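Let us look at a structure together.

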Amino acid sequence: MEVGWLYLIPLLPLLGAAFNGLAGRWVPKSWVYTVALVVVLLSFLIGFAGFVQMSGEEGTQFHETVYTWFAVGSLHVDLALSLDRLSGALVLVITGVGFLIHLYSVGYIDEDPGYWRYFAYLNLFVAAMLLLVLGDNLVAMFVGWEGVGLCSYLLIGFWFDDDAKAYAGRKAFIVNRIGDFGFLIGIFILFNATGHVDFAGMRASPLPYAVAMWAAGLLFLGATGKSAQLPLYIWLPDAMAGPTPVSALIHAATMVTAGVYMIARLSFLYVQAPGILALVALIGCLTAFWGAIIGTAQNDIKKVLAYSTVSQLGYMFIGVGVGAFFAGTAHLITHAFFKACLFLGSGAVIHGLHGEQDIAKMGGLKKYMPHTAITFAIATVAITGVLPISGFFSKDEILAQALNTSAFKFLTLTPDPTGPRLGFLGPLIYVLGTVTAGITSFYMWRCYLLTFHGNYRGPEDVHPHESPAVMTLPLWVLAILSVVGVVLVLPIHDFPWSWEHFTDGLFAHARGGAPGEYLPPLVTYGIAVVVAWVGFAGAWTLYKPARNIAGDVAFERATPRLRRALVNKLYVDEIYDVVVVRTVWRGARLLWRVVDAAIIDGLLVNGSAQLVAAIGALGRRFQNGNVQRYAAVTALGVAALVYLLLVRT
Amino acid sequence: MGFEGGPLLSLVIFLPLLGAVVVLFLPRGEGGLHKGTALVTSIVTFLFSIPLWLRFKPQVRGWQFEQKADWAPSLGFGYHIGLDGVALLLVMLTTLLGPIVVLSSWKYIQDRVKEYSIALLVLETAMIGTLAALDLVLFYVFWEAMLIPMYLLVGLWGSERRIYAAVKFFLFTFVGSVLMLVAIFWLWSDSSRAGGARTFDYVSIAQLSGALPLQAQRWLFWAFALAFAIKVPIWPLHTWLPDAHTEAPASGSILLAGVMLKMGTFGFIRYAMPLFPQAALDAAPVIGALGVTGIVYGSLMCMAQTDMKRLIAYSSVAHLGFVMLGLSALSPEAVNGAVLQMVNHGVSTGALFLLVGYLYERTHTRDLAAYGGLAKVTPALAAVFVVVTLSSIGLPGTNGFIGEFLILLGTFVAPMGTWSLPLLGSVSKGVLLSVIGSTGVILGAVYMLWLVQRVFFGPMRKAATHGLPDLSIREWLCVAPLLAAIIVIGAYPMPFLAASQIPANDLIARVRPRAALLPRPQGAQLMVPPGDAR
Amino acid sequence: MVGPVHYLVLAAILFALGAAGVVIRRNAIIVLMSIEIMLNAVNLSFLAFSRFPLVPVAPMQAGIYAGQVAVFFVIAVAAAEAAVGLAIVIAVFRSRTSVHVDEFDTLKL
Amino acid sequence: MTESVFFWIFAVLTVLLAAQVVLRRNPVHAAVSLVGAFFFLSGIYLLLAAQLIAILQVMVYAGAVMVLFVFVIMLLNLKEEEMGHERLTAWKIIGGASIVVTTGLIAYLALGNAYPTGLLRDMARTQPGFGSVKGVGQALYIASVLPFEVTSLLLTIAVVGAVVVAKGKI
């Protein structure tokens, strides 16, 4: 259905960004806050109204062509938006959680002189993210895709006078760009094969298998960049250099999930490329595990949450990878709630401790900041799944889908069609994912216990204090959402609020048919609960309140090598630094010295100049200024001419 | 066709020259008066060029604002000017940059102001004339006339190594032009083939040259192409550019990057490719490969620089590599993208040089090691610089994106045939060039953001003393039109793309008439991954 | 019988003498004199051709004296040349106290 | 017959004196020899029926120009040691040899059959009054009046130039 108001949803935050960016420095502070909050709220309200209207009837989709952005040759790119059940839900998450985080930021960033810049970036981010989600073609989506990357860059490097922070922003942008390179080529392949860049047009044209594989694979490369998956996850932990609300909004709730959204949006493409789906699931699974084990040894509260985000994003990719697009996106939504709550909670802690981020120097904060502690605990419950609230079900759904999936059964490892099949991949992912869930429970409870329980270990002169209401209110709202979000993912068939039911028919179906059933649901739930409690028990044993930080020492003593490696993030940054970064920079310098300066400029350019000069110097020896010599040479010449012209003829 | 608009185009061409004559008769020593005259002249020129834009009909095929007069009929050359969409875009770019250039070094240039003003104005006339000329002799005259003021700008008002840079610039470009001159004479002697008198008129020659034997076309194409390739500059003919840019004053750098480099690519679009279509089609993969080399190589060079202006100069090599890639692909998307990219590069690299000029005026160094933390002192300058940087690295929403996207997409789908490579097997040339070219998107971000961080972020270093002034009103006036262009072209590029559609399509139809016969590279021509089981 | 060939050979010998003087002698004055000899050799051949024209000339035509007119101009130019040349010799002698042409090689640089 | 006698006398004397000019070390001797050479050359001119030119030759060359030379020689007043010694370098030998060879070649070719004697006319015999002052004067003043006037300009310039160059400071 064509509508005429969709453009307002991203435009309003964009206007807010323009206002704050251009005028924010000179207008009173309250104007900046008001504008920033109101535009996001208005977007939310418009999105909500549209969502209610649209979701009444199954299959309704609002569509709007704002204008033809560019059209050349056979390429036609509209700035077109569409609101369906998936994008609608995400619009609500982005603007809703976004609004809460804007609100929280009012308290958090109030003392910083760059507050107007901050809100301009934040509004711009919301606009770009909305465009990413609403965009009805790959190019419009790409605009949002890169736009959020830009905002991420600006906000990570918000305190730009610290070189490390500016570097972290730059690293994020460049790693993302590596992914975007894949995204871009993916667009080209799809356009080349179908002649369209809009989703409807691409969906209508069946793709040759190889094309689908390449397109899906390269777009997934884009997703690994944006959504911090192996091997491009390295930017996300460093991205914690930005203000904490930014980490909550961009690096937990919304932007980093864009990859998952993209795959879900392009489900019709991915089901045509089952091999890539398997790759998505495998990468997701490995990333989930990888992030979780590094998370166990981090002492920076935000780094713990960052690796947790990497890990949880891995779960989402498992979901979409096994063809259960609804499960992946459901986890996306619940994760947005509880992870935003966790990050905001950590922000409140950092705020209350005047910038301290090391959990080794926290402890016992429950006493000083009860609201933060309780909401953090609720969100931790949600992510670890010790009690069946939102995170439990959404994660378990993914793992169950992975266990039971039929999507890989017909895939072979080799081109030989009779070769070994990949059917074992689903159960393998399930096992690894379940182990990861246990580790998740361990490191999240470790984080919670070290932060809020035991004795306060910080310096004497810092007096922890609870944050103002403007910050605790969003915490509570998000905590409540983490709990009630469970309605989306309750495993009840035909439950009206169920996300699976709600998105019925929105996603394409993976090849291989309906999932089978290895284990009955109750058994998997049982396993999940047990695993979560085992993780909790491990955390409690090591880090129970009385022991304070002693758990880490015990850990260190038990496996010193492993723990040191984990503390150092498995040396991935260092390896990349040596293998890629330094190689490229050194190579560039070498290329400049050798090829540009020595060969082209030295040998060819200046060389030819010197050759001319040398010939000139040779000729100069005849021009010695002695007129008689000139006359003699002339006479010789005349003699030669006479001989040639008169005698020889 | 026709004479509509009267001598408007001639007016735009020669107004700056008139201004130069006026400056010539002004008393020496009145620096402000000279600069003022130059400024007023360039602004008036810009105002006069606005009707060009408004009256131009992009949907009409053929030359607009055409004007023809005898000059030396016995020798076959005349005064024949006119615009197509591509030339119009570049004329608009030139007239827009004109006042900005005059303002850019307002305070910096203090000696020989009179000569400086004259050089700038003469340069503007020469550049607009080069774009508008429809007669090969007229074109050549304007083309060479560009050289002299630019040579003086670098050689007289440049920094330490200015003489070396100026001579290098002059010799490089002159070597190419001389070959082109020979080719022009060849065309002239051939132009009587159809029975008429010999002529240098572009329109008449263009009707004949397409039918030349391939061997002749090859020689002529490469003679023209070399002249243009040096100007672009295409790798490996680029080494004059970093030197010239580094030593030139800000105004010279802006004009050099903003307009003069585009004369090379414009030459390919207007002369080298349509005049010798078969040779151009043969050479397209080579030029595309050189363009891609330029992208990657230029980007890597940027990463090795410690001099700001040198870095941006090398980034021009990369950007112009994109343009050449787009032209060589000869698909509508790519060629239109290339034309737009020419404008984009003029705007954003022009702006970069402008801003670097501001930095240099404040700190008197171009050495990156001395910079750091400037964003604290000059926040507005930093913000503007970041916006321009984003345009330069092709962020969606800015002008740079549209150009790069169209070029890479157009190259990807271009029916250029296949190369057979070790390991990969038979690969579509377009796909390969496009994929390698796309890495420029990554590398561009690497070096530009590195530059931004080095200069503006981090702790304050030597050059960033407190009390450095932020952008003044004059500086804002210079940079604001460029910022506006960055955003407007990025958000709504259709009017600009519309102007280039017809010339681009004509070029493609001329060079690649068999396009429809060649299949687009489909899935079968892509590589088939292992693990494929259907 | 003396014919044009005798005059022309005489002119050649004189020219050769003059040229040899220019090439060999160091004294600038004598070089100038040698130049005068060369000019006179040319004059001689002009006059020889004037008396024995190669092409048939109609009686009392204007061109009949072309050779002699040319010689007239050569004499005028030679006079001017001698004047200026000797002036230069004087000027150079003042600054270098030498009249040796092989020492005047400032053109070298 | 008379012509032959006079030709040989004048020719031999001219060549001998011209050789003296080139070979004499003392410039005064050279100058005197040159006067003689020009004098006998003007005799040859008479044989070629160029009476006006012969007179001019004596007046301008043997008179004015040679006086100029002698003046300059006296003005410089070169001492014995200042005249220096002739140096015979390889280039001088090459140049001299080239000149001799060239002249020899041309003379040989001219004395051979290259010169078409049969076609020649002798103006002195067929044109009565050839070379008279009247005839040459008419040719000068009517046919080449412009070059004639330009020559006067040239001479003026030469005079001014000579003064400027020789005087150094004015």
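Confidence and helix packing

Student: Over residues 516-534 of chain B, under what value does pLDDT stay?
Tutor: pLDDT is the predictor's confidence in each residue, from 0 to 100. For that stretch the model has 37 contacts beyond four places in sequence; two residues are in contact if their C-beta atoms, placed from the backbone, lie within 7 Å. Over residues 516-534 of chain B, pLDDT stays under 50.

This is a predicted model: local features need pLDDT of at least 70, side-chain atom pairs count only at pLDDT 80 or more, and totals for chains, interfaces and linings use all residues. Residues are numbered from 1 along each chain as its sequence is written, with chains lettered from A and ligands numbered from 1 in the order in which they are written.

Student: What is the mean pLDDT of chain B?
Tutor: In chain B, 95% of the residues reach 70 or more. The mean is 87.

Student: How many residues does chain C bring to its contact with chain A?
Tutor: Chain A gives nine residues to this contact. Chain C also gives nine.

Student: At what angle do α15(A) and α17(A) pack?
Tutor: Helix α15 covers residues 325-352 of chain A, and helix α17 covers residues 370-384 of chain A. Helices (H or I, at least four residues) are DSSP runs, numbered from the N terminus. Axes are lines fitted to C-alpha atoms over the stretch in contact, and angles run from 0 to 180 degrees between N-to-C directions. The axes lie 9 Å apart, at an angle of about 145°.

Student: Which residues of α17(A) meet α15(A)?
Tutor: On the α15(A) side are Phe338(A), Cys341(A), Leu342(A), Gly345(A), Ala348(A) and Val349(A). They meet Thr372(A), Thr375(A), Phe376(A), Ala379(A), Ala382(A) and Ile383(A).

Conventions:
Helices (H or I, at least four residues) and strands (E, at least two) are DSSP runs, numbered from the N terminus.
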